[in-house]
Structures are given as structure tokens and as C-alpha cells.
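Walk through this protein chain step by step.

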Amino acid sequence: MANLESNFEIIRVTPTVIAGTTHGGDVMFNATEIPNAVIGNGGCSKLIGVSITDQDQENHNMDLIFMSVQTNLGTAGSAPNITDDDLLAADITSSLRIVWGNGSTSLGTASSIYTSSGHSDDDDIKQLPILLQANAGSTSVFFTAIAGGSDIDFAATDDLEFMFHIQKK
């Protein structure tokens, strides 16, 4: 008999990135929902791994920012520009540095996959697990990304897919 209840879930999210160049240090995409990231309204869960599929097969270092309230850190494609009050209102819960070369697998000329589960001697990888917190009245958490040091060029607005490995209980 199969166990139909699990403490774990992989939630897939495709943010809308800019087709074209995003410069290092710029916001990569607007704050995007991770639906049902926690069990109950205002709940908390544990992010134990992140995988990213990139259809462009480029190395995209980035910082992921997680928050309870959907708040853009600035305009996508521009440097972050957020007031202190808006930053506090976003209820940022954590951040996660993605160093693509530390966890990537090439899938030929079409795409590549990055995975981090936090198990490494490399300080850029062993940041996980982190906690995610939803706002009261919601089971969603939101995230955005800041491009790493070099420019990123996407061919299409749906070139990135994030897979969040979440422990809910």
C-alpha cells in the first residue's frame, strides 16, 4: 500500500525573466509566488534544496531573496531600489546565494541544471536548510533574485524554472 501523505514537496515555479540582458547586480525578475509553500495560513516550512533548470545553458550566479509579502525590490532589469519601509513591509525571511559552478550539470547545448541541498564543504553551498514563513492569512511565500557579478542573457522570458524542495512538517 502506498503512503499518500508526505512531509516533503517539490514546488515548481517559472518566474518571468527579461528576454535579453540583465546586468550583474540588477533585479532578475519581480517577486514571484511559491504557492502552498507552507501547510497552514501564516505557517513555516523548511527549504532543504533548490534546483534550477536553465534552458539557455549559461552560468547564472544569483542571490535569491525570500519574503512573506510580495514586494518588488526594484524594477526587473535595474538595480535594486527599495525604501527602508517597503523592505520592512516585505518581511524578508532569508536569502540564498546560488553559485552555478558549484552544483551544475550540463545537458548538452540546450540547457543545464543547478542543484543545491546544502551538503558541502563549500560555504557558498552549505547555506541550506533555511526557513520560509508565509504571511498571516496565506500559505504562499515569495522570492526574487539579484543577478550575480556578471551579465545574464536570456533568450526567452520563461528560460528559468525553480524547483523548491520543501519540508512542511
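In this predicted model, strand β1 (residues 8-13) pairs with strand β12 (residues 160-167). The two are antiparallel, and six bridges link them. Look for Ile10: its bridge partner in β12 is His165.

Strand β12 also pairs with strand β4, which covers residues 44-54. Here eight bridges join the strands, again in the antiparallel sense. Find Ser51, and you will see Met163 of β12 opposite.

Now step back to the whole chain. Read from the N terminus, the order of elements is β-β-β-β-β-α-β-β-β-β-β-β-β.

How far apart in sequence are the residues that touch? Take the contacts with a separation of 6 or more: 83% of them join residues 24 or more positions apart.

Next, the surface. The chain exposes about 8,300 Å², and carbon and sulfur atoms supply 47% of that area. Of the 169 residues, 43% count as buried.

Is Thr144 buried or exposed? Its relative accessible area is 1%, and buried means under 20%, so Thr144 is buried.

What does Thr144 touch? Leaving aside residues up to four places away in sequence, its contacts include Val27, Asn30 and Ala31. Asp63, Leu64, Ile65, Met67 and Leu73 are also among them. Phe29 is another contact of Thr144. There, the side chain of Thr144 reaches the backbone oxygen of Phe29 at 2.5 Å.

Conventions. Residues numbered from 1 in each chain as written. Predicted model: local features only at pLDDT ≥ 70, side-chain atom pairs only at ≥ 80, totals over all residues. Heavy atoms only, no water. Buried < 20%, exposed > 50% of the residue type's maximum accessible area, 1.4 Å probe, protein only. Polar contact = N/O pair within 3.5 Å; in protein donor to acceptor, adjacent residues only side chain to side chain. Contact = heavy atoms within 4.5 Å. Helix = DSSP H or I, 4+ residues; strand = E, 2+ residues; numbered from the N terminus. Areas by Shrake-Rupley, 256 points an atom, 1.4 Å probe, with all protein chains shown as cover. Pairing = 2+ DSSP bridges.
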